[in-house]
Amino acid sequence: MFGVTIIPTFLWPEIATSACEVTATSRHYVDRLFDPDPQNVLQGVIDMKNAVIGNNRQKANLIVLGAVPRLLYLLQQSSSSLELRTECAVVLGSLAMGTENNIKSLVDCHIIPALLQGLLCSDLIFIEACLRCLRTVFISPVTPVQLLYTDPTVIPHLMSLLSRSQHTQEYITQIFAHCCKVTHSSFLGFLTPEHQTVLFNHGAIQNIAPLLISPSFKVRMQALKCFSVLAYENAQVSMTLVNVLVDGEQLSQVFVRMMQRDKPIEMQLTAAKCLTYMCRAGAIRTDDNCIVLKTLPCLVRMCSKERLLEERVEGAETLAYLMEPDIELQRIASVTDHLVSMLADYFKYPKTSVLDHDLKHAHELRQAAFKLYASLGSNDEDIRKKITETENMMDRIVSGLSESSIKVRLAAVRCLHSLSRSVQQLRTSFHDHAVWKPLMKLLQNAPDEVLVMASSTLCNLLLEFSPSKEPILESGVIELLCSLTQSDSPALRVNGIWALMNMAFQADQKVKVEIVRALGTEQLFRLLSDPDTNVLMKTLGLLRNLLSTRPHIDQVMSSHGKQIMQAVTLILEGEHSIEVKEQTLCILANIADGNTAKELIMTNDDMLQKIKYYMGHSNVKLQLAATFCISNLIWNEEDGSQERQDKLRDMGFVDILHKLTQASDPNLCDRAKTAMQQYLA
């Protein structure tokens, strides 16, 4: 490694020099790079190296004056001495340690391909200088990580360099850790593990695993970070990691040792992330001791106020992710180290500050706390109660919905959504704090990611037992929900129609008429042919709720009967799931319960044949729904029942009902017997 030559000079005179003097000095450094004497060029590069250390202004000047292309040229010339090429790489690395604009300039000058080419050299010191510079460039958020994967020979070559020295191990694993990204193809979280797959296929696991027991802490740490990004949301990697042995010890146990309290916090936290990701990917059971007794308590420790702000944020977010789908882990966490009350401290960091980084920390802490509360309270009623009873919690959530930070707003609405799954909270805390008001405001103008969660929460607030339902209805929400059903996002279409479905449940005629008017028949029938099954199911649910109680059924069918019957026919004839067809037959059963609406079925022989077909279907749910329909058509107490019974007997329905009275399913058997009694009465 080359040492740094310190030029004896005082710092304060340079601070006082004018911009033109600094530029003139910088020009001199650049001019020396073009000297015909190679020795003078080398000395010029060494002097430049010493001049730019810790001096961002000097770095910026040199970049503007064109030093980078010349340094890259010298670095790539085979005629340049190894010492000169190495010093060029060192200076470029120093320039990269300046501002983000410096990095952009270096990337624009194609520094990455030049340095990657330099790695083909056999000289270790030069390789290390190139890797150090590459590391600095790639860890910057402005560098496109895809540049590492452009040439398919780069990754295998980097793997081969891992064995050269501790420095190559540290730099390469750090590059991998920063350049292994799972990309979102949509805001709904569909992940593409391109980078993970490339690294996995080129032997990342077997090459990096031995580094976890390196004598160098930096190497161990970067190897650990590599595994955390490789395992994230990746079942293939996680399942492989479970079976890896490091010096005869299972990898998961190596991670457990790294979480011990005497290890550096960064190591504990990263090891906990590795085990968390492996668990979420299905490679480790949620009731495994390494999760319940080691990973979860470690992450709870990270949330304590003794930890640094960044550690508290990362700890809370990782813990939220770990227990998100598992009620037992949620229950264990909720009684570990007073976690629920401990999180309240996250809101005590000053909200208002003239310093940007203070504001950033405040946002990150509140975002992490909301996420963890959302995860904790997603299933258990007692935990939800404990959360809402934590000091000023509901006020904090309401305040979070109008935060300046979009991430905090999203986390707050996630927390609200989690708590809104509770009947008790809907009736008490949600009503007392009128949370529907800020929620409605949030829905007016928000990015899709927030809209999805906010509209999902609104669905719960519109359930029939929620006191918020009436004021929400009066606020003119129907138009807003109808507009959501026209979104390009399937999640927003589902939530829009789901909320309308909840709104229509046991609603009075006025509300139902307003829903049909605002939605429009054209949009309603467009939703009935939606390619997304969830949208279709909720639209059928809405239609079923609109077609409840006889006056409502008759009114809707008198206005839209022809289109509804067409939609029902298309669904029953189409390639749809059992659940979709069952819901559709239930709609028919509701129509059959109308006073005048039932004639739309009775005068449609094609529809009657379809009902007959489904009564003989192999699936008992479809048989039961079809039998309900016939039962409603032949019910004795209604006008015209005798004529309907006669027609259906002639079509062979009585024979089918008779067979169904012998069905093995008790519900189907009872329904068929009830229908048969109408003929015997």
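Helix H19 is mostly covered, with 12 of its 15 residues buried; buried means under 20% relative accessible area, exposed over 50%, and partly exposed in between (1.4 Å probe, protein chains only). The model is a predicted one, in which local features need pLDDT of at least 70 and side-chain atom pairs count only at pLDDT 80 or more, while totals for chains, interfaces and linings use all residues. Residues are numbered from 1 along each chain as its sequence is written, and side-chain values use heavy atoms, with hydrogens and water left out.

The buried residues of H19 are Leu 309, Glu 311, Arg 312, Val 313, Gly 315, Ala 316, Thr 318, Leu 319, Ala 320, Tyr 321, Leu 322 and Met 323. The 15 residues of H19 (residues 309-323) should span 21 Å at 1.5 Å a residue, and the end C-alpha atoms are 22 Å apart, which agrees. The expected span of a helix is taken as 1.5 Å times one less than its number of residues.

The chain contains 43 helices and four strands. Helices (H or I, at least four residues) and strands (E, at least two) are DSSP runs, numbered from the N terminus. The C-alpha trace of the chain spans about 115 × 50 × 50 Å along its principal axes. The radius of gyration of the chain is 34 Å, whereas a compact globule of 681 residues would have a value near 26 Å. This radius is taken over C-alpha atoms, and the globule rule is 2.2 Å times the number of residues to the power 0.38. Of the 681 residues, 55% count as buried. Among contacts with a separation of 6 or more, 67% involve residues 24 or more positions apart, a contact being heavy atoms within 4.5 Å.

Residues 66-102 are 76% helix and 0% strand, and their end C-alpha atoms lie 12 Å apart. For residues 519-561 the figures are 79% helix and 0% strand, with 16 Å between the end C-alpha atoms.

In soluble globular proteins, nonpolar side chains tend to be buried together. The largest nonpolar core here has 245 residues, and those with the most contacts inside it are Phe 255, Leu 376, Leu 588, Ile 601 and Ile 611. Helix H17 (residues 265-280) supplies the largest share of this core, 10 residues. A nonpolar core is a set of buried Ala, Val, Leu, Ile, Met, Phe, Trp, Tyr and Cys residues joined through side-chain atoms within 4.5 Å. Beyond its neighbours within four places in sequence, Leu 376 is in contact with residues including Met 323, Gln 330, Leu 343 and Ile 387.

Gln 268 is placed in helix H17 and is buried, with a relative accessible area of 2%. Not counting residues up to four places away in sequence, Gln 268 touches Met 258, Met 259, Gln 260, Arg 261, Lys 263, Cys 298, Arg 301 and Met 302. Phe 200, in helix H12 (residues 194-201), is also buried, at 19% relative accessible area. Phe 200 and Leu 230 are 30 residues apart in sequence and 7.9 Å apart in space, C-alpha to C-alpha.

The count of salt bridges comes to 30, a salt bridge being a side-chain nitrogen of Lys or Arg within 4 Å of a carboxyl oxygen of Asp or Glu. Lys 360 forms a salt bridge with Glu 364, the closest N and O atoms being 3.0 Å apart. These two residues are four residues apart in helix H22, so about one helical turn separates Lys 360 from Glu 364. Lys 360 is partly exposed at 48% relative accessibility, as is Glu 364 at 23%. A network of salt bridges that share partners joins Asp 345, Lys 348, Glu 391 and Arg 396. Within this network, Lys 348 meets Asp 345 at 3.2 Å (N to O) and Glu 391 at 3.4 Å (N to O). Lys 348 lies in the loop between helix H21 (339-342) and helix H22 (356-376), and Glu 391 in the loop between helix H23 (381-388) and helix H24 (393-400), so the pair ties together parts that are 43 residues apart in sequence.
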